[in-house]
Amino acid sequence: MLYSVKELYRPETLEDALRYLAEYPDARPIAGGTDVLVSMRKKKPEDVRLVGLQNLQELRGIRRREDGVVEIGAYNTFTDLANCPIIAESVPMLRTAALAMGGPQIQNAATIGGNVCNGATSADSAPALFARDAVLVLRSAQGERRVPITEFYDGPGRVKRQSGEILVTIELPPCQADSYGDCYIKFSTRKAMDLALIGCAAACGVAKDGTIAQVGIALGVAAPTPIRAAEAEAFLKGKRLTEDMLEQVGELALATAKPRDSWRASKAYREQIIKTLARRAVRAAYEMAGGAL
Amino acid sequence: MQTIHIKINGKDWTGPVEDGETLVDMIRYRLGLTGTKRGCEVGECGACTVLIDGVPNASCMMLAALADGKSITTIEGLTNEDGSLSPIQQAFVDAAAVQCGYCTPGMILSAYALLQHNPHPTREEIKVALSGNMCRCATYEQVMEAVERASDLLAAAVVSKE
């Protein structure tokens, strides 16, 4: 396959990449290429300019800062995420999500930054990042912009990345509660090489007395963009989790969702899955944080 | 056009590629290594699998120019210098894990990468490692068996060397 590429620019530094993007605002950044190239097949051939992000060290690495914030460079492949001890320790559900995405070949190429910027509601990284209130750090020739991920998705396949911008880092603020647990559940027909019919993430900070101090619940494919289940979160905050409450969590999560019929699954089926996954994810996160029902 | 430098099956190669050229096309048409197959061309079937710096990648989903500086292994790179088959290739033959053969190079490279870091995988680990390789003839059972045979052959080879 020969893609219609006017120029593939391969900068060595972020500054150089941003300078090129300032000159050619319509140029598309390309990382693993697993979404960008597929999207270029679907469209009528037009000469595009691509900016390869492979050599930008500024986009690499995963660090935990002294203030507890975990910084994930945008150019980390899903394999990088799955192999990173900081991720396994501080946000284990992101490891689960990384291993649930595509298959080994795709995990070895696709990056978390690309997954976010592609804007799909089925993005496997999205529920975990939403539930943890991730903040995106974007850079352009004009400077830096920080956007909560919950405000970044704009519609199916659309995000608020402005032309000339590159997603550099994803920041995860630390959980302030005494103990932390989380869970991501991907519901799909196949275990590999499949998109989520529904994805659900729950992150739970639990106080010593067993009350829920912090909670984030997020759903993928439950609406045109990934969403937070704010009503279910408000209901849980400050309480100790019980079996009866889980029923309510499922209903409230569904109240926030707007699933649709598609050839992959019906609306009614998705609604059932949303309730079930929300209950299971919240329970698992609460229990991982040491809470007992 | 860009000039890139890669290592292909252990040998250095420098040459021109189009900016929009995929790695699979470069491997097949510029290098003449047709063991790497073009299947779905959207990264879903695994027929184009090659190892890039030792890990399986879909060569249809990578622009050749972005492989600049990398070390690439194709199915041809597994064959011994005298043309005889490597243990993993032999295991696929012995287990009759080949029907039409189109998926086989990708299957073998994924299995090879697995055995490099996990010489005694469980069946579940084999399934996960090969989950990105589709076989339309549905030879999956024989493929599982072939990887297990290869694991045994390699273990035996290590013992006999010692």
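Q: Why is helix H5 (residues 92-100) of chain A called largely enclosed by the rest of the structure?
A: In this predicted model, 7 of the 9 residues of H5(A) are buried, so the helix is largely enclosed. A residue is buried if 20 or more other C-beta atoms lie within 10 Å of its own, exposed if 12 or fewer, and partly exposed in between, with C-beta atoms placed from the backbone. The buried residues are Met93(A), Leu94(A), Arg95(A), Thr96(A), Ala97(A), Ala98(A) and Ala100(A).

Q: Which elements do the buried residues of H5(A) pack against?
A: They pack against helices H3 (78-83), H4 (85-90), H6 (104-109) and H8 (126-131) and strands S11 (179-187) and S12 (198-206) of chain A. Helices (H or I, at least four residues) and strands (E, at least two) are DSSP runs, numbered from the N terminus. After H5(A) comes Gly102(A), with a positive phi near 55°.

Q: How are the residues and chains labelled, and what limits apply to a predicted model?
A: Residues are numbered from 1 along each chain as its sequence is written, while chains are lettered from A and ligands numbered from 1 in the order in which they are written. Local features need pLDDT of at least 70 and side-chain atom pairs count only at pLDDT 80 or more, whereas totals for chains, interfaces and linings use all residues.

Q: What makes Glu41(B) count as partly exposed?
A: Glu41(B) has 19 C-beta neighbours inside 10 Å, and therefore counts as partly exposed. Glu41(B) sits in the loop between helix H1 (23-30) and S3 of chain B. Although it is not a glycine, Glu41(B) has a positive phi of about 65°.

Q: Why is Ile88(B) called buried?
A: Ile88(B) has 22 other C-beta atoms within 10 Å, which means that it is buried. Ile88(B) lies in helix H2 of chain B. Not counting residues up to four places away in sequence, Ile88(B) touches Leu78(B), Ile108(B), Ala111(B), Tyr112(B), Leu115(B) and Ala150(B); two residues are in contact if their C-beta atoms, placed from the backbone, lie within 7 Å. The C-alpha atoms of Ile88(B) and Glu148(B), 60 residues apart along the chain, are separated by 9.5 Å.

Q: Why is H2(B) called oblique to H3(B)?
A: The axes of H2 (residues 87-94) and H3 (residues 104-117) of chain B come within 10 Å and cross at roughly 125°. That makes H2(B) oblique to H3(B): angles under 35 degrees count as roughly parallel, over 145 as roughly antiparallel, 65 to 115 as roughly perpendicular and the rest as oblique. Axes are lines fitted to C-alpha atoms, for helices over the stretch in contact, and angles run from 0 to 180 degrees between N-to-C directions.

Q: Which residues of H2(B) and H3(B) meet, and how do they divide by class?
A: Ile88(B), Gln89(B) and Phe92(B) of H2(B) meet Thr104(B), Ile108(B), Ala111(B), Tyr112(B) and Leu115(B) of H3(B). The contact has 6 nonpolar, 2 polar and no charged residues. Ala, Val, Leu, Ile, Met, Phe, Trp, Tyr, Cys and Pro count as nonpolar, Asp, Glu, Lys and Arg as charged, and the others, Gly among them, as polar.

Q: What makes H10(A) and H11(A) oblique to each other?
A: Helix H10 (residues 243-256) and helix H11 (residues 267-288) of chain A pack at about 130°, with their axes 8 Å apart. They are therefore oblique to each other. Residues of this contact include Leu246(A) and Val249(A) of H10(A) and Ile274(A) and Val282(A) of H11(A). By class, the contact divides into 7 nonpolar, 2 polar and 5 charged residues.

Q: How many residues does each chain give to the contact between chain B and chain A?
A: Chain B gives 27 residues and chain A gives 25. On the side of chain B, S4(B) gives the most, with 4 residues. That side divides into 11 nonpolar, 10 polar and 6 charged residues.
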